[in-house]
Structures are given as C-alpha cells and as structure tokens.
Amino acid sequence: MPTISQQKKLPIWHLIVLFAGAVYLISGCFSNSLWFDESFTVGLMNHTSLFEMIKWSSYDVHPHLYYIILWFYTRVFGTSIPVMRLFSALFAVAFASLGLTHIRRDFGDRIGFWFTTVTYLLGATLTYALQIRMYTMAMYLVGLTAIYAYRIARGEATKKNCILFAVFSIASAYTHYFALFTVAAINVMLLVRTILQKDSVKRWLVLGAAQICAYLPGAYVFRLQIKTGGADWIRLLWPDTVYNLVSYHLVGDELYTFFETTKQYRYGGLVFLALYVLAGIVLYRRTRRAANDSDEGNTAKAREAVRWSLYAYFGVVLFSMLVSLVREIFYIRYTMVLFVFTVFVIAYLIATSKDAWKKAVAVILLVVLAAYPVYGTFRLAYDPSADAVTDALDDKVEEGDIFFFEGADVFVATVRYPDNMQYYYNGAHWKVENTYRSFGPNARVLDSLDCPEINEFRGRVWVTRGACYDYLMSLGDCREVTSTGTIHLKNHNYNFEFVLIEKGMN
C-alpha cells in the first residue's frame, strides 16, 4: 500500500473540482430561512452555558457531539444563521475531499476523483450542506470510520490506524444514532472478516472494548431518550418509504412527491421496490464474480470495498426497519449517515467503466437528476420570504417584550430573539416541556393559558392569533397596538401572524 509521500502529485484539475464544489455549496449558506429542526439547533446555540445546552439537548432524540462542537464554533464565529449554516457546508466539503485524500490513497486517482465529483453532483449533498443539523458531520465521521476499518481489514492494522478507527467510530456514535448502528455494523463486519481469515480476535476485542467503554455515557443518555423520546412522524409507510429508499440520496424526496400525484402511486412502489432489490443483487453478484478474476490492484480492492459497502448499507437499513416493527425508528433522512457507501458505489461504477460514453451518460444523468432539487433548494433559500420574520419584527421587538404563542412551528421566528421571554402554550399537552426548553434560556412551555407568567405580566406581548390572543383579550387589561400581518415562509410552508398587545399599561 503506497504511503501519501509515494503517491503521484494531485492533479490541479482535481483541486479545481474540489474548490468549485466548495464554492457551489457555500453559495447557498447566506439565507435567513429556517425550518423547525434548524430552529431547534439555533435555540441550543443561544444557551450561553455549555452545561445548560448539554442538559436540555439530552431531551432531544439525537446525541450531543454535533451540538457541543457547534457551540464552541459559535462562541468564536457568532450565532448568525449563515455562520451556523456554513458549519454544515464545511463538513460537506470535508466529506467530498475524502475522495482526493483517503479514497485516492486506497483506490487510486480515478475512483478518488469520481468520489469527490459524485458527492457534489448528488442533490442530497446540497440539501444537507445548507441545513443547520448534524448530517454532514455524521457523513464525514462515518466515512472516516469505514475507511480506517477497511485499512485494518486489508492488513494495515497499525497502531495509528487502529486508534483513528476507534476515535472516528466513537465520534460517529456520539453524532447520530443511525451512525451508531452503522459503526456497530462495521465492527461486526471486521469481526467476521477476522474469523474468516483465521486471525486472532484479540485486536478486535481490544478495539471493541475501547469503543464500548468510551460510549457508556452516551448509552446512558440513549436509554433515557428511548424511554422519553418518540415522534409520530417517524413511521414506515407504503409506498412512500420505497420511493425514498430508491431516490433520497440522489434527489431527496422529489421522486416521492412527483409520483404521489399520479394514479400509479401505489403500484409504482412495487416497481421501485423490485428495482431497489435488483440493483443490490446485481451489484453484489458483480463484485463476487470480480473477486475471482485475475484483476489486481486498485480496481480489485475497490470491488471488495463495494461489496462491504453493500453489506453495511443494506444491513443498517434492514436492521432499522425490523426494529421499526416494534418501535418506529426508521426515517429516510437518517440514512444520510450511510451516504459514503452510496457515493463510493456510484464512483466505482463510473471510474471502472471502460467506455467514455458510459461515463458521459452517467454524469449527464446525475446532473439531470440533481437539477430539480438544486433549483428547488436555492429557490427556497433565497426566496424573499426567507427574510419575512426579520422584515416584520427586527425593528419592532424591544427589550422586555415577550412572545406568547401556540403552534411549535412559531419557534422558527421567536428563536431569533433569545433575549426575550418565549412562552409556548402546549394546548395539545404533548410531553415536550424539557425538549422545548432547548430553544433557549428564555424558552418556557405552558400547559395552561391561565398562569402567573402571563396573568401577572405588564408590558408588551407579541402574541399569535388564536387561543393565546383570545385569552389575553378576555383579561380586560390588554390593548391591541399593531399586527405584522400574515408571515409566510415558503420553506416548509409556515404561516403565522403576530399581534402586538400592551398588557396592563392603561
């Protein structure tokens, strides 16, 4: 195996592709648009105490590492929405760079180049590079875990590689629970290979013990979240799940939304399920046949790595679906932690094709598939409605004002004003009090409208029309001052209206 110093110098046009892709991703970061999950992250970053941030994030369904690193990042660079969005984009670029560093080192220039290129061509990359969530960081860490596991399995079990494998595995597990499932699958694959090769399992036991011990605090939090967490939107649906399995890494959920409007929606699911299974079988059989060829070098190694990628990808998908029969955990967005396997397989297929026209067709197809989601992503990011909240409230909200609202989606607006108290009326009585404290040090959840926090307040209240507005006006000491009108955010189609009320100031 060549060392970095023994590799050929990286061609300049490889660097041009990496840089151009970085510019492309970063160009979408300067949007003030938020959706609910992003506002949750923003709210956590508004906590000035790291301890408080960790405490309240423990009530979320995701681990802590992303939030902790982002918290330190925002202490240096600030908590503006574009700055936090840039954090995700940089991890997406780091993920793409694996092609020109680690993948190139292990499998050669061609596969490395196409790994980077395919990363930028897939629509899902842009989608998650622009979200203030943990997915691009999880993609990167799982990718590194898989790479160092491969090196160990291929006989490069140096102390450095073993340590890096364990570090990236643990970091992955602390970033997303599907990443935890993935690194568990990778460890099982390492064990199986060790046994088949009739090697000593001592190294595997040492690495496994180190990972388990390091993850014990996370396992404790995981147990608490399993007991208290849950979301009614996480479910297996026919045929929605099938459409997303086929297309999500390529174009997001555009295929699902397109076919949903057709009469063939349910029957089309059978066709796509057959294609999904057939593609996995064909790829597997192709790599099994190739393993018996006389082919040597990078291509032969890559074929074996493709087979392992299929094991990991389908293993995690099937495991999570089986668990979902008992408790729903499978959600298509979570499969983004498996993105490294999708990208690597596609890069392998393009790079090892001997016909230039096939490569051209593959690239054109990827560009065509990405065109619509890319257009949609940029259109939403820079739609004028992205600034609707700041346009309506920035020059009007004053120190001492409070927000009083129902509908948790309104946090996408109030989270921008962390110094003002935010009272969310939980009329549905969901078990969200501790979770929604994550939205900032001044966020509170009310289970009743008739409460001291509201009744005894004297000052200006920004209230949403509905039950909260009606209750305030029934108290007799409130005067309506002005209204923002309906604030419409095209990103996730949020609509709400704030009314400014002076309470007890007559």
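Helices here are DSSP runs of H or I, at least four residues long, numbered from the N terminus. The model shown in every view is predicted.

**View 1. The second largest pocket is lined from several helices, helix 15 (265-290) among them.** At least two lining residues come from each of helix 13, helix 15, helix 16 (298-324), helix 17 (339-351) and helix 18 (356-381). Helix 15 has the largest share, with 7 residues. The pocket holds about 930 Å³ of space. By class, the lining divides into 20 nonpolar, 5 polar and 3 charged residues.

**View 2. Helix 13 (residues 240-251) gives the most to the lining of the largest cavity.** Its contribution is 4 residues. Searching the whole structure turns up 1 cavity of 30 Å³ or more. The volume of the largest cavity is about 30 Å³. Around this space stand Asn 244, Leu 245, Tyr 248, His 249, Tyr 313, Ile 332 and Thr 335. The lining has 4 nonpolar and 3 polar residues, and no charged ones. Helix 13 also supplies at least two residues to the lining of the second largest pocket.

View 3

**View 4. Strand 1 (residues 402-406) pairs with strand 4 (residues 459-464) in the parallel sense.** The pairing runs over 3 bridges. Phe 404 stands opposite Val 463 of strand 4.

**View 5. Helix 2 (residues 36-45) is largely enclosed by the rest of the structure.** The reason is burial: 10 of its 10 residues are buried, where buried means under 20% relative accessible area. The run goes from Phe 36, Asp 37, Glu 38, Ser 39 and Phe 40 to Thr 41, Val 42, Gly 43, Leu 44 and Met 45. The cover over these residues includes helix 3 (50-57), helix 4 (65-77) and helix 5 (81-97). Helix 20 (411-414), helix 21 (433-436) and strand 6 are also part of that cover.

Technical notes. Residues numbered from 1 in each chain as written. Predicted model: local features only at pLDDT ≥ 70, side-chain atom pairs only at ≥ 80, totals over all residues. Heavy atoms only, no water. Pairing = 2+ DSSP bridges. 1 Å grid on protein atoms, 1.4 Å probe; cavity = no way out; pocket = protein on both sides within 12 Å on 5 of 7 lines; lining within 4 Å. Points joined across faces, edges and corners; volume = space filled by probe spheres on them. Nonpolar A, V, L, I, M, F, W, Y, C, P; charged D, E, K, R; others polar. Buried < 20%, exposed > 50% of the residue type's maximum accessible area, 1.4 Å probe, protein only. Contact = heavy atoms within 4.5 Å.
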